[in-house]
Amino acid sequence: MKRILSIIAVTALAIACGRNQEAETTAQEDVVPVVEVAVSVQEDVPQEAVYSSTVQANVINNIAPQSAGRIQKLNVEVGDYVTRGQILAEMDRVQLEQATLRLRNEETELARVKELFAKGGISQSDFEALELSCKVSRTTYENLLENTILRSPIDGVVTARNYDRGDLYAMAQPIYVVHQITPVKLLVGVSESDYTRVKKGDSVEITVDAVPGKSFYGKIVRLYPTMDAASHTFNVEVSVPNTYRTLRPGMYAKATIKFGVNHSVVVPDAAVVKMQGSGQRSVYVLKEDGTVVLTPVKLGRHIGDRYEILGGLRAGATIVVKGQTALKSGIKVEVK
């Protein structure tokens with residue numbers, strides 16, 4: 001008898017537990033998730049991409065004579081700003097002085113013979129030979145002058161001096177190195193996907209770690225014709241005026257290239273959900289009957305706390321921005 005009563009009690013308890021579980025399940029199903037929503041809008045979104053680069057001098061000149069010789073004078077030091085045509089160094093003048101005397105002598109002789117030629121006192125062939133010799137002497141003199149008195153071919157700053165006064169220039173290194181830093185340039189490796197969007201004259205914003213909080217602006221002046229097969233990038237040359245010489249060669253820089261404006265759908269970034277196990281991005285769209293549907297979208301630029309949507313969503317759609325963890329497609333929600 002006791003055994004029968006025990007069996008009946010256990011059975012009653014099991015039935016009671018089952019009813020409780022069914023009640024809990026029904027209660028859970030009756031709970032409607034509470035969410036916050038926003039409306040997708042369409043607006044102008046600036047199109048740009050950020051690339052890393054290094055500031056370079058616009059022009060680099062190695063100042064050195066054509067042949068070895070003794071250095072007589074050094075007129076500037078590293079860090080000095082020089083102008084085009086300024087004398088930087090002078091070499092031994094012995095050969096130059098000899099060439100000067102030879103040229104003067106031949107010019108004097110040519111002037112005397114010219115009068116004789118006009119009067120018929122000398123043949124035309126002799127006159128032309130002397131005239132040619134004078135031209136050769138002048139060319140030699142001008143070459144020696146250029147390689148004895150060394151001038152800067154550009155406006156720039158002296159970045160290296162490799163010899164001292166009295167040293168014998170041995171053609172191993174230049175005497176001076178001059179960098180033109182107004183303007184400077186950057187070679188920016190642009191992604192292959194942006195190839196059709198970049199054009200000469202596009203505006204570029206430059207920031208450097210060495211000068212925090214300040215932006216510099218330049219323009220694309222040249223597009224290189226080939227692509228790097230390994231990185232799938234191509235170089236564009238950006239010229240920056242650098243009027244105040246703030247940017248210096250070697251500085252690490254970030255270049256923001258602007259491609260224009262897209263009229264795109266924009267949503268808060270909190271609305272975008274990443275599906276586990278895939279790279280797919282989606283949003284929950286609230287329908288008129290109060291249910292939500294998970295909608296895949298194609299993302300564009302991330303602007304502050306918003307995302308540009310390139311496909312999958314229309315402007316004016318109501319989307320969930322908070323409470324997505326408890327959602328799945330087709331369930332009814334309550335808007336907070």
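Okay, confidence first: the mean pLDDT of the protein chain is 88, and 91% of its residues reach 70 or more. This is a predicted model, so keep that in mind throughout.

Now the nonpolar cores. The largest one has 26 residues. Which residues have the most contacts inside it? Those are V188, I206, V208, V236 and I257. As for where the core comes from, β2 (41–63), β9 (176–191), β10 (203–208), β11 (216–223), β12 (233–240) and β13 (252–268) each supply at least two residues. The largest share is from β9, with 5 residues. Let me zoom in on V208: leaving out residues up to four places away in sequence, V208 touches V55, F216, L247, M251, Y252 and A253. There's also another core, apart from that one, with 16 residues, including I71, A89, V158 and I175. As a general remark, nonpolar side chains in soluble globular proteins tend to be buried together.

Next up, a polar residue, S53. You'll find S53 in strand β2. Is S53 buried or exposed? S53 has a relative accessible area of 7%, so it counts as buried. What does its side chain reach? The S53 side chain gets to the backbone oxygen of L187, at 2.9 Å. If you skip neighbours within four places in sequence, the contacts of S53 are L186, L187, V188, M251, Y252 and A253.

Okay, aromatics. The count here is 3 aromatic pairs. Take F117 and F127: their ring centres are 4.7 Å apart and the planes sit at 5 degrees, so we call that pair stacked, the limit being under 30 degrees. That pair links distant parts of the chain, with F117 in helix α2 (residues 94–118) and F127 in helix α3 (residues 124–148), 10 residues apart.

Last item, a charge over a ring: R245 lies over the face of Y81, at 3.8 Å from the ring centre. Okay, that's my tour, over to you.

Conventions: Residues are numbered from 1 along each chain as its sequence is written. This is a predicted model: local features need pLDDT of at least 70, side-chain atom pairs count only at pLDDT 80 or more; totals for chains, interfaces and linings use all residues. Side-chain values use heavy atoms; hydrogens and water are left out. Rings of Phe, Tyr and Trp (its six-membered ring) pair if their centres lie within 6.5 Å; planes under 30 degrees apart count as stacked, over 60 as edge-to-face and the rest as tilted. Helices (H or I, at least four residues) and strands (E, at least two) are DSSP runs, numbered from the N terminus. A charge sits over a ring if NZ of Lys or CZ of Arg is within 6 Å of the ring centre and within 35 degrees of the ring normal. A nonpolar core is a set of buried Ala, Val, Leu, Ile, Met, Phe, Trp, Tyr and Cys residues joined through side-chain atoms within 4.5 Å. Buried means under 20% relative accessible area, exposed over 50%, partly exposed in between (1.4 Å probe, protein chains only). Contact means heavy atoms within 4.5 Å. pLDDT is the predictor's confidence in each residue, from 0 to 100. A polar contact is a pair of N or O atoms within 3.5 Å; within protein, one must be able to donate a hydrogen and the other to accept it, and residues adjacent in sequence count only if both atoms are side-chain atoms.
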